[in-house]
Amino acid sequence: MKILLKKYDHLIFAIAGLLFAFILSRVPLIVDDEVRHAMLSGSSSLGDILDYALSFYTGATANDSRILIIIPAVFFAAGPKIIWAAFMGLDLYLLFISLKILFPGSNRLICALSICACVMLYSFSILSSAGWITTMSAYFAPICLALVSFIPFKLLADKQYLKPYMYALFIPAIIYSANSEQILIPEFICAFFIMIYLKKRDGRYALYPVIMMILCIASAAFTFMTPANSERMSEEAALFPEFMRFNILNKAELGLESACFLLTESGRPFYIVCCILIAMMIFRKYKSAFVRILSVLLILSAAAGLLIYIPSLPHYSPVPPCGLFFPPNYGFRVFAKYMLLTGSATLFFFGLLIALDDGFDRIICTGLFAGGFLSRMIIGFVPSIYASGERTAAVMDFAVIVACVCLASEYYEGSSYKKKTGTILIPVFSFMIVAGFISLFNAVS
(Lines give C-alpha, C1' and ligand atoms only; values in the text may rest on other atoms or scores of the structure.)
Protein backbone atom coordinates (compact mmCIF):
# COMPACT_ATOMS: atom_id res chain seq x y z
CA MET A 1 0.00 0.00 0.00
CA LYS A 2 2.84 2.39 0.86
CA ILE A 3 4.45 1.77 -2.52
CA LEU A 4 1.10 2.36 -4.22
CA LEU A 5 0.64 5.70 -2.44
CA LYS A 6 4.17 6.78 -3.28
CA LYS A 7 3.57 6.04 -6.93
CA TYR A 8 0.04 7.35 -7.13
CA ASP A 9 -0.09 10.36 -4.85
CA HIS A 10 -3.12 11.68 -6.70
CA LEU A 11 -5.00 8.77 -5.13
CA ILE A 12 -4.62 10.49 -1.75
CA PHE A 13 -6.04 13.68 -3.22
CA ALA A 14 -8.96 11.81 -4.80
CA ILE A 15 -9.83 10.04 -1.55
CA ALA A 16 -9.64 13.34 0.36
CA GLY A 17 -11.84 15.03 -2.26
CA LEU A 18 -14.44 12.26 -2.07
CA LEU A 19 -14.49 12.37 1.72
CA PHE A 20 -14.79 16.16 1.59
CA ALA A 21 -17.75 15.86 -0.79
CA PHE A 22 -19.42 13.19 1.33
CA ILE A 23 -19.22 15.31 4.49
CA LEU A 24 -20.46 18.43 2.70
CA SER A 25 -23.43 16.52 1.31
CA ARG A 26 -24.73 16.49 4.89
CA VAL A 27 -24.67 20.27 5.42
CA PRO A 28 -27.92 21.95 6.49
CA LEU A 29 -29.52 24.73 4.46
CA ILE A 30 -29.04 27.95 6.45
CA VAL A 31 -29.43 31.72 5.92
CA ASP A 32 -29.01 32.57 2.21
CA ASP A 33 -29.24 28.93 1.17
CA GLU A 34 -32.67 28.56 2.80
CA VAL A 35 -34.00 31.67 1.04
CA ARG A 36 -32.71 30.70 -2.38
CA HIS A 37 -33.80 27.09 -2.09
CA ALA A 38 -37.30 28.14 -0.99
CA MET A 39 -37.59 30.56 -3.91
CA LEU A 40 -36.28 28.16 -6.52
CA SER A 41 -37.30 24.69 -5.38
CA GLY A 42 -40.64 24.95 -7.13
CA SER A 43 -39.15 26.11 -10.42
CA SER A 44 -38.71 23.56 -13.19
CA SER A 45 -37.10 25.98 -15.62
CA LEU A 46 -33.35 26.54 -15.81
CA GLY A 47 -34.19 29.88 -17.41
CA ASP A 48 -36.06 30.97 -14.27
CA ILE A 49 -33.09 30.02 -12.11
CA LEU A 50 -30.72 31.91 -14.43
CA ASP A 51 -33.00 34.98 -14.38
CA TYR A 52 -32.94 34.90 -10.59
CA ALA A 53 -29.14 34.68 -10.58
CA LEU A 54 -28.83 37.59 -13.03
CA SER A 55 -31.14 39.69 -10.84
CA PHE A 56 -28.29 39.97 -8.34
CA TYR A 57 -26.47 42.07 -10.94
CA THR A 58 -29.18 43.83 -12.95
CA GLY A 59 -32.45 43.56 -10.99
CA ALA A 60 -34.22 46.24 -9.01
CA THR A 61 -32.61 44.91 -5.83
CA ALA A 62 -29.23 44.07 -7.37
CA ASN A 63 -26.55 43.77 -4.70
CA ASP A 64 -23.65 41.72 -6.08
CA SER A 65 -21.07 42.23 -8.83
CA ARG A 66 -19.77 38.63 -8.72
CA ILE A 67 -22.20 37.42 -11.35
CA LEU A 68 -19.96 34.63 -12.70
CA ILE A 69 -19.64 33.26 -9.17
CA ILE A 70 -23.27 33.82 -8.18
CA ILE A 71 -24.76 31.94 -11.15
CA PRO A 72 -23.37 28.50 -10.16
CA ALA A 73 -24.06 29.25 -6.48
CA VAL A 74 -27.76 29.82 -7.27
CA PHE A 75 -27.94 26.67 -9.39
CA PHE A 76 -26.38 24.67 -6.55
CA ALA A 77 -28.82 26.12 -4.00
CA ALA A 78 -31.75 25.21 -6.23
CA GLY A 79 -30.69 21.61 -6.84
CA PRO A 80 -29.74 18.54 -4.79
CA LYS A 81 -26.92 19.19 -2.32
CA ILE A 82 -24.94 16.25 -3.65
CA ILE A 83 -24.25 18.14 -6.90
CA TRP A 84 -22.80 21.07 -5.01
CA ALA A 85 -20.87 18.76 -2.67
CA ALA A 86 -19.35 16.93 -5.66
CA PHE A 87 -18.31 20.28 -7.16
CA MET A 88 -16.63 21.26 -3.88
CA GLY A 89 -14.85 17.90 -3.74
CA LEU A 90 -13.59 18.51 -7.28
CA ASP A 91 -12.42 22.00 -6.28
CA LEU A 92 -10.50 20.56 -3.35
CA TYR A 93 -8.89 17.97 -5.64
CA LEU A 94 -7.88 20.71 -8.10
CA LEU A 95 -6.46 22.74 -5.21
CA PHE A 96 -4.34 19.77 -4.13
CA ILE A 97 -3.09 19.13 -7.67
CA SER A 98 -2.27 22.81 -8.17
CA LEU A 99 -0.22 22.95 -4.97
CA LYS A 100 1.58 19.74 -5.93
CA ILE A 101 2.57 21.23 -9.30
CA LEU A 102 3.55 24.60 -7.83
CA PHE A 103 5.64 23.12 -5.01
CA PRO A 104 6.75 19.61 -6.04
CA GLY A 105 8.68 17.35 -3.70
CA SER A 106 11.01 14.40 -4.25
CA ASN A 107 8.96 12.21 -1.91
CA ARG A 108 5.49 12.07 -3.42
CA LEU A 109 3.88 10.54 -0.35
CA ILE A 110 5.15 13.22 2.04
CA CYS A 111 4.36 15.94 -0.52
CA ALA A 112 0.75 14.73 -0.85
CA LEU A 113 0.26 14.35 2.91
CA SER A 114 1.75 17.79 3.63
CA ILE A 115 -0.60 19.45 1.12
CA CYS A 116 -3.68 17.70 2.53
CA ALA A 117 -2.61 18.45 6.11
CA CYS A 118 -2.00 22.16 5.52
CA VAL A 119 -5.29 22.68 3.66
CA MET A 120 -7.29 20.78 6.29
CA LEU A 121 -5.93 23.12 8.97
CA TYR A 122 -8.44 25.66 7.68
CA SER A 123 -11.68 25.98 9.63
CA PHE A 124 -14.22 25.54 6.85
CA SER A 125 -17.02 26.45 9.26
CA ILE A 126 -16.02 30.09 8.61
CA LEU A 127 -17.37 29.59 5.10
CA SER A 128 -20.86 28.77 6.32
CA SER A 129 -21.73 32.21 7.68
CA ALA A 130 -24.09 33.06 4.80
CA GLY A 131 -25.00 29.44 4.17
CA TRP A 132 -22.63 26.61 3.28
CA ILE A 133 -23.56 26.49 -0.40
CA THR A 134 -23.56 30.25 -0.94
CA THR A 135 -20.41 31.09 0.99
CA MET A 136 -18.21 28.22 -0.16
CA SER A 137 -19.30 28.79 -3.76
CA ALA A 138 -18.42 32.49 -3.44
CA TYR A 139 -15.06 32.05 -1.68
CA PHE A 140 -13.61 28.55 -1.72
CA ALA A 141 -14.30 27.69 -5.37
CA PRO A 142 -12.75 30.92 -6.78
CA ILE A 143 -9.70 30.50 -4.53
CA CYS A 144 -9.17 26.97 -5.87
CA LEU A 145 -9.53 28.12 -9.48
CA ALA A 146 -7.14 31.03 -8.84
CA LEU A 147 -4.44 28.57 -7.80
CA VAL A 148 -5.22 26.46 -10.85
CA SER A 149 -4.56 29.56 -12.97
CA PHE A 150 -1.09 29.81 -11.38
CA ILE A 151 0.06 26.49 -12.88
CA PRO A 152 1.37 28.14 -16.10
CA PHE A 153 3.59 30.35 -13.90
CA LYS A 154 5.37 27.22 -12.70
CA LEU A 155 5.68 25.88 -16.24
CA LEU A 156 7.18 29.15 -17.42
CA ALA A 157 9.52 29.27 -14.42
CA ASP A 158 10.72 25.77 -15.37
CA LYS A 159 11.32 27.04 -18.93
CA GLN A 160 8.51 25.00 -20.43
CA TYR A 161 6.53 26.15 -23.44
CA LEU A 162 2.83 26.88 -23.00
CA LYS A 163 0.88 25.14 -25.71
CA PRO A 164 -2.19 26.86 -27.20
CA TYR A 165 -4.67 24.48 -25.54
CA MET A 166 -3.28 25.50 -22.14
CA TYR A 167 -4.52 29.04 -22.67
CA ALA A 168 -7.97 27.63 -23.40
CA LEU A 169 -7.82 25.70 -20.10
CA PHE A 170 -6.39 28.34 -17.78
CA ILE A 171 -7.84 31.62 -19.05
CA PRO A 172 -11.42 30.62 -18.02
CA ALA A 173 -10.03 29.90 -14.54
CA ILE A 174 -8.66 33.46 -14.43
CA ILE A 175 -11.93 34.99 -15.62
CA TYR A 176 -13.99 33.04 -13.09
CA SER A 177 -11.73 33.59 -10.07
CA ALA A 178 -11.03 37.26 -10.87
CA ASN A 179 -14.76 37.94 -10.71
CA SER A 180 -14.09 38.07 -6.96
CA GLU A 181 -12.69 41.52 -6.23
CA GLN A 182 -10.63 40.12 -3.36
CA ILE A 183 -8.97 37.41 -5.43
CA LEU A 184 -8.06 39.57 -8.40
CA ILE A 185 -5.69 41.61 -6.19
CA PRO A 186 -3.22 38.78 -5.39
CA GLU A 187 -3.63 37.44 -8.92
CA PHE A 188 -2.56 40.79 -10.38
CA ILE A 189 0.35 41.17 -7.94
CA CYS A 190 1.69 37.67 -8.61
CA ALA A 191 1.28 38.06 -12.38
CA PHE A 192 3.14 41.37 -12.32
CA PHE A 193 6.13 40.07 -10.38
CA ILE A 194 6.27 36.81 -12.35
CA MET A 195 6.32 38.92 -15.51
CA ILE A 196 9.26 40.97 -14.16
CA TYR A 197 11.02 37.78 -12.97
CA LEU A 198 10.73 36.13 -16.39
CA LYS A 199 11.72 39.34 -18.19
CA LYS A 200 14.87 39.64 -16.08
CA ARG A 201 15.75 35.97 -16.61
CA ASP A 202 14.80 35.46 -20.26
CA GLY A 203 15.04 38.99 -21.61
CA ARG A 204 11.45 39.04 -22.87
CA TYR A 205 7.92 39.39 -21.55
CA ALA A 206 5.85 36.22 -21.23
CA LEU A 207 2.34 36.41 -22.64
CA TYR A 208 0.41 34.55 -19.94
CA PRO A 209 1.16 36.92 -17.00
CA VAL A 210 0.23 39.86 -19.22
CA ILE A 211 -3.10 38.22 -20.08
CA MET A 212 -3.80 37.62 -16.39
CA MET A 213 -3.06 41.27 -15.55
CA ILE A 214 -5.33 42.52 -18.32
CA LEU A 215 -8.17 40.23 -17.24
CA CYS A 216 -7.76 41.33 -13.61
CA ILE A 217 -7.95 44.99 -14.63
CA ALA A 218 -11.03 44.27 -16.77
CA SER A 219 -12.68 42.44 -13.88
CA ALA A 220 -11.92 45.32 -11.52
CA ALA A 221 -13.49 47.76 -13.98
CA PHE A 222 -16.54 45.51 -14.27
CA THR A 223 -16.83 45.41 -10.47
CA PHE A 224 -16.63 49.18 -10.05
CA MET A 225 -19.18 49.85 -12.79
CA THR A 226 -21.77 47.35 -11.61
CA PRO A 227 -25.18 48.81 -10.74
CA ALA A 228 -25.20 46.60 -7.63
CA ASN A 229 -22.64 48.66 -5.70
CA SER A 230 -24.87 51.40 -4.32
CA GLU A 231 -27.63 48.97 -3.31
CA ARG A 232 -25.16 46.69 -1.54
CA MET A 233 -23.58 49.63 0.29
CA SER A 234 -27.01 50.76 1.50
CA GLU A 235 -27.98 47.30 2.71
CA GLU A 236 -24.74 46.76 4.62
CA ALA A 237 -24.65 50.29 6.01
CA ALA A 238 -28.02 49.60 7.63
CA LEU A 239 -26.36 46.75 9.55
CA PHE A 240 -23.41 48.95 10.55
CA PRO A 241 -24.76 52.53 10.85
CA GLU A 242 -21.61 53.84 12.62
CA PHE A 243 -19.66 53.24 9.41
CA MET A 244 -21.22 56.25 7.68
CA ARG A 245 -19.61 58.54 10.27
CA PHE A 246 -16.08 57.25 9.65
CA ASN A 247 -13.61 59.31 7.65
CA ILE A 248 -10.98 57.80 5.36
CA LEU A 249 -8.43 57.47 8.18
CA ASN A 250 -10.97 55.66 10.39
CA LYS A 251 -11.72 53.22 7.58
CA ALA A 252 -8.05 52.64 6.80
CA GLU A 253 -7.32 51.89 10.44
CA LEU A 254 -10.38 49.67 10.71
CA GLY A 255 -9.27 47.59 7.74
CA LEU A 256 -5.62 47.40 8.79
CA GLU A 257 -6.26 46.54 12.43
CA SER A 258 -8.92 43.92 11.73
CA ALA A 259 -6.74 42.29 9.04
CA CYS A 260 -3.77 42.18 11.44
CA PHE A 261 -5.93 40.71 14.18
CA LEU A 262 -7.46 38.00 12.01
CA LEU A 263 -3.99 37.10 10.79
CA THR A 264 -1.98 37.13 14.01
CA GLU A 265 -4.23 37.04 17.07
CA SER A 266 -7.28 34.97 16.18
CA GLY A 267 -5.73 31.60 16.97
CA ARG A 268 -5.71 30.28 13.39
CA PRO A 269 -3.76 26.99 13.49
CA PHE A 270 -2.30 27.29 9.99
CA TYR A 271 -0.80 30.68 10.88
CA ILE A 272 0.88 29.19 13.96
CA VAL A 273 2.22 26.27 11.90
CA CYS A 274 3.46 28.70 9.24
CA CYS A 275 5.30 30.78 11.87
CA ILE A 276 6.96 27.63 13.22
CA LEU A 277 8.04 26.61 9.71
CA ILE A 278 9.43 30.10 9.07
CA ALA A 279 11.45 29.93 12.29
CA MET A 280 12.77 26.44 11.41
CA MET A 281 13.88 27.64 7.98
CA ILE A 282 15.52 30.75 9.42
CA PHE A 283 17.43 28.74 12.03
CA ARG A 284 18.67 26.47 9.26
CA LYS A 285 19.71 29.28 6.89
CA TYR A 286 21.03 32.03 9.17
CA LYS A 287 23.61 32.09 11.93
CA SER A 288 22.85 35.70 12.90
CA ALA A 289 21.53 35.91 16.47
CA PHE A 290 19.45 38.98 15.54
CA VAL A 291 17.60 37.19 12.72
CA ARG A 292 17.02 34.14 14.90
CA ILE A 293 15.64 36.25 17.73
CA LEU A 294 13.17 37.84 15.30
CA SER A 295 11.97 34.37 14.29
CA VAL A 296 11.46 33.47 17.96
CA LEU A 297 9.47 36.68 18.46
CA LEU A 298 7.32 35.67 15.50
CA ILE A 299 6.48 32.36 17.17
CA LEU A 300 5.73 34.08 20.46
CA SER A 301 3.38 36.53 18.75
CA ALA A 302 1.63 33.61 17.05
CA ALA A 303 1.35 31.76 20.36
CA ALA A 304 -0.26 34.86 21.85
CA GLY A 305 -3.13 34.28 19.44
CA LEU A 306 -4.06 31.19 21.44
CA LEU A 307 -5.15 33.49 24.27
CA ILE A 308 -8.42 33.93 22.39
CA TYR A 309 -9.44 30.51 23.71
CA ILE A 310 -9.23 31.64 27.35
CA PRO A 311 -12.89 32.34 28.29
CA SER A 312 -12.09 35.02 30.89
CA LEU A 313 -10.39 37.29 28.34
CA PRO A 314 -12.30 39.83 26.21
CA HIS A 315 -12.90 38.49 22.72
CA TYR A 316 -12.59 40.05 19.30
CA SER A 317 -15.31 42.17 17.73
CA PRO A 318 -15.63 42.33 13.92
CA VAL A 319 -15.12 46.11 14.05
CA PRO A 320 -12.71 46.92 16.92
CA PRO A 321 -11.36 50.48 16.52
CA CYS A 322 -7.79 50.57 17.78
CA GLY A 323 -7.64 54.25 18.61
CA LEU A 324 -5.13 55.99 16.37
CA PHE A 325 -7.90 57.79 14.50
CA PHE A 326 -10.79 57.06 16.87
CA PRO A 327 -10.53 59.86 19.51
CA PRO A 328 -12.57 58.14 22.26
CA ASN A 329 -10.03 55.31 22.27
CA TYR A 330 -6.79 57.28 22.53
CA GLY A 331 -4.34 55.89 25.06
CA PHE A 332 -1.05 54.07 25.47
CA ARG A 333 -2.62 50.61 25.86
CA VAL A 334 -4.59 50.99 22.65
CA PHE A 335 -1.55 52.30 20.81
CA ALA A 336 0.56 49.39 22.15
CA LYS A 337 -2.08 46.94 20.90
CA TYR A 338 -1.95 48.56 17.48
CA MET A 339 1.85 48.35 17.37
CA LEU A 340 1.76 44.70 18.46
CA LEU A 341 -0.70 43.72 15.75
CA THR A 342 0.95 45.61 12.90
CA GLY A 343 4.42 44.61 14.11
CA SER A 344 3.47 40.91 14.16
CA ALA A 345 2.01 41.08 10.64
CA THR A 346 5.10 42.91 9.34
CA LEU A 347 7.39 40.41 11.04
CA PHE A 348 5.47 37.55 9.42
CA PHE A 349 5.84 39.05 5.93
CA PHE A 350 9.58 39.65 6.20
CA GLY A 351 10.10 36.30 7.92
CA LEU A 352 8.38 34.60 4.99
CA LEU A 353 10.46 36.63 2.55
CA ILE A 354 13.83 35.62 3.99
CA ALA A 355 12.86 32.03 4.87
CA LEU A 356 12.13 31.01 1.29
CA ASP A 357 14.99 29.99 -1.00
CA ASP A 358 13.67 29.66 -4.52
CA GLY A 359 12.87 32.86 -6.44
CA PHE A 360 9.64 31.45 -7.84
CA ASP A 361 8.47 30.25 -4.43
CA ARG A 362 9.26 33.63 -2.90
CA ILE A 363 7.29 35.49 -5.57
CA ILE A 364 4.21 33.26 -5.35
CA CYS A 365 4.07 33.04 -1.55
CA THR A 366 4.84 36.67 -0.72
CA GLY A 367 2.75 37.93 -3.65
CA LEU A 368 -0.25 35.86 -2.57
CA PHE A 369 0.13 36.93 1.03
CA ALA A 370 0.61 40.63 0.24
CA GLY A 371 -2.39 40.57 -2.10
CA GLY A 372 -4.50 38.56 0.34
CA PHE A 373 -3.68 40.87 3.22
CA LEU A 374 -4.37 43.94 1.08
CA SER A 375 -7.68 42.47 -0.09
CA ARG A 376 -8.75 42.01 3.54
CA MET A 377 -7.51 45.45 4.58
CA ILE A 378 -9.54 47.11 1.81
CA ILE A 379 -12.70 45.65 3.37
CA GLY A 380 -12.32 48.40 5.98
CA PHE A 381 -13.55 50.85 3.34
CA VAL A 382 -16.92 49.12 2.94
CA PRO A 383 -19.58 48.40 5.60
CA SER A 384 -19.55 44.69 4.76
CA ILE A 385 -16.66 44.41 7.20
CA TYR A 386 -19.38 43.96 9.84
CA ALA A 387 -21.88 41.76 8.03
CA SER A 388 -19.39 39.52 6.22
CA GLY A 389 -17.20 38.85 9.26
CA GLU A 390 -14.28 36.44 9.09
CA ARG A 391 -15.12 35.00 5.68
CA THR A 392 -13.62 38.13 4.10
CA ALA A 393 -10.23 36.88 5.33
CA ALA A 394 -10.48 33.65 3.30
CA VAL A 395 -8.11 34.82 0.56
CA MET A 396 -5.52 35.92 3.14
CA ASP A 397 -6.01 32.67 5.05
CA PHE A 398 -5.38 30.49 2.03
CA ALA A 399 -2.34 32.59 1.12
CA VAL A 400 -0.88 31.56 4.49
CA ILE A 401 -1.85 27.93 3.82
CA VAL A 402 -0.04 28.06 0.46
CA ALA A 403 3.01 29.41 2.29
CA CYS A 404 2.75 26.47 4.74
CA VAL A 405 2.84 23.99 1.86
CA CYS A 406 5.81 25.74 0.23
CA LEU A 407 7.80 25.99 3.48
CA ALA A 408 7.12 22.36 4.39
CA SER A 409 8.33 21.29 0.95
CA GLU A 410 11.49 23.41 1.13
CA TYR A 411 12.26 22.28 4.67
CA TYR A 412 11.97 18.60 3.76
CA GLU A 413 13.96 18.97 0.54
CA GLY A 414 16.75 20.74 2.45
CA SER A 415 16.89 18.12 5.19
CA SER A 416 20.14 16.15 5.55
CA TYR A 417 18.21 13.26 7.07
CA LYS A 418 15.23 12.88 4.78
CA LYS A 419 14.40 9.34 5.85
CA LYS A 420 14.35 10.25 9.53
CA THR A 421 12.46 13.49 8.83
CA GLY A 422 9.90 11.59 6.75
CA THR A 423 9.41 9.04 9.52
CA ILE A 424 8.42 11.90 11.83
CA LEU A 425 6.36 13.88 9.33
CA ILE A 426 4.14 11.08 8.00
CA PRO A 427 2.29 10.42 11.30
CA VAL A 428 2.18 14.16 12.08
CA PHE A 429 0.61 15.02 8.73
CA SER A 430 -1.75 12.04 8.96
CA PHE A 431 -2.96 13.21 12.37
CA MET A 432 -3.52 16.74 11.03
CA ILE A 433 -5.58 15.38 8.12
CA VAL A 434 -7.75 13.21 10.35
CA ALA A 435 -8.24 16.09 12.81
CA GLY A 436 -9.22 18.40 9.96
CA PHE A 437 -11.88 16.06 8.62
CA ILE A 438 -13.24 15.41 12.12
CA SER A 439 -13.50 19.17 12.64
CA LEU A 440 -15.33 19.54 9.32
CA PHE A 441 -17.68 16.67 10.18
CA ASN A 442 -18.50 18.25 13.54
CA ALA A 443 -19.12 21.62 11.88
CA VAL A 444 -21.78 20.24 9.56
CA SER A 445 -23.41 17.91 12.09
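What share of the 445 residues in the protein is buried? The answer is 53%, where buried means under 20% relative accessible area, exposed means over 50%, and partly exposed lies in between, using a 1.4 Å probe and protein chains only.

Hi everyone, a quick word on conventions before the tour. This is a predicted model, in which local features need pLDDT of at least 70 and side-chain atom pairs count only at pLDDT 80 or more, while totals for chains, interfaces and linings use all residues. Residues are numbered from 1 along each chain as its sequence is written, and side-chain values use heavy atoms, with hydrogens and water left out.

Let's start with the overall fold. The protein has 22 helices and 0 strands; these are DSSP runs numbered from the N terminus, with helices being H or I of at least four residues and strands being E of at least two. Contact here means heavy atoms within 4.5 Å. Among contacts between residues at least 6 apart in sequence, 79% join residues at least 24 apart.

Now to the inside. The largest nonpolar core has 132 residues, a core being a set of buried Ala, Val, Leu, Ile, Met, Phe, Trp, Tyr and Cys residues joined through side-chain atoms within 4.5 Å. Which residues have the most contacts inside it? They are Phe 124 and Phe 140. Helix H21 gives this core its largest share, 15 residues. Apart from that core lies another one of 11 residues, including Ile 49, Tyr 52, Ile 71 and Val 74.

Let's stay with Phe 140 for a moment. Setting aside neighbours within four places in sequence, Phe 140 is in contact with Phe 20, Met 88, Asp 91, Leu 92, Leu 95, Phe 124, Leu 127, Thr 135 and Phe 398. Phe 140 is also one of the buried residues of helix H9.

How does H9 sit against H21? The axes of H9 (residues 140-148) and H21 (residues 394-413) come within 10 Å and cross at roughly 40 degrees. For the geometry, axes are lines fitted to C-alpha atoms, for helices over the stretch in contact, and angles run from 0 to 180 degrees between N-to-C directions. Angles under 35 degrees count as roughly parallel, over 145 as roughly antiparallel, 65 to 115 as roughly perpendicular and the rest as oblique. H9 and H21 are therefore oblique to each other. Their crossing is right-handed, meaning that the near helix is turned clockwise from the far one by less than a right angle, with anticlockwise being left-handed. On the H9 side the contact uses Phe 140, Ile 143 and Leu 147, and on the H21 side Ala 394, Val 395, Phe 398 and Val 402. By class, that is 7 nonpolar, no polar and no charged residues. For the classes, Ala, Val, Leu, Ile, Met, Phe, Trp, Tyr, Cys and Pro count as nonpolar, Asp, Glu, Lys and Arg as charged, and the others, Gly among them, as polar.

Next up is helix H2, which has two partners to show you. H2 (residues 10-24) packs with H7 (residues 108-119) at an angle of about 25 degrees, their axes 9 Å apart. That makes H2 roughly parallel to H7, and the crossing is right-handed. Here Ile 12, Phe 13 and Ala 16 in H2 meet Leu 109, Ala 112, Leu 113, Ile 115 and Cys 116 in H7. This contact divides into 8 nonpolar, no polar and no charged residues.

With H6 (residues 81-102), the axes of H2 come within 8 Å and cross at roughly 150 degrees. H2 and H6 are therefore roughly antiparallel to each other, and H2 passes H6 in a right-handed crossing. Among the residues making the contact are Phe 13, Ala 16 and Phe 20 of H2 and Met 88, Leu 92 and Lys 100 of H6. By class, this contact has 14 nonpolar, 3 polar and 1 charged residues.

Last, a few single residues. Lys 159 has a positive phi of about 60 degrees although it is not a glycine. Lys 159 is in the loop between helix H10 (151-157) and H11, and at 64% relative accessibility counts as exposed. One of the contacts of Arg 201 is Lys 159. Arg 201 itself is in helix H12 and, at 29% relative accessibility, is partly exposed.

Is Ser 180 buried or exposed? Ser 180 is buried, with a relative accessible area of 6%, and is found in the loop between H11 (164-178) and H12 (181-202).
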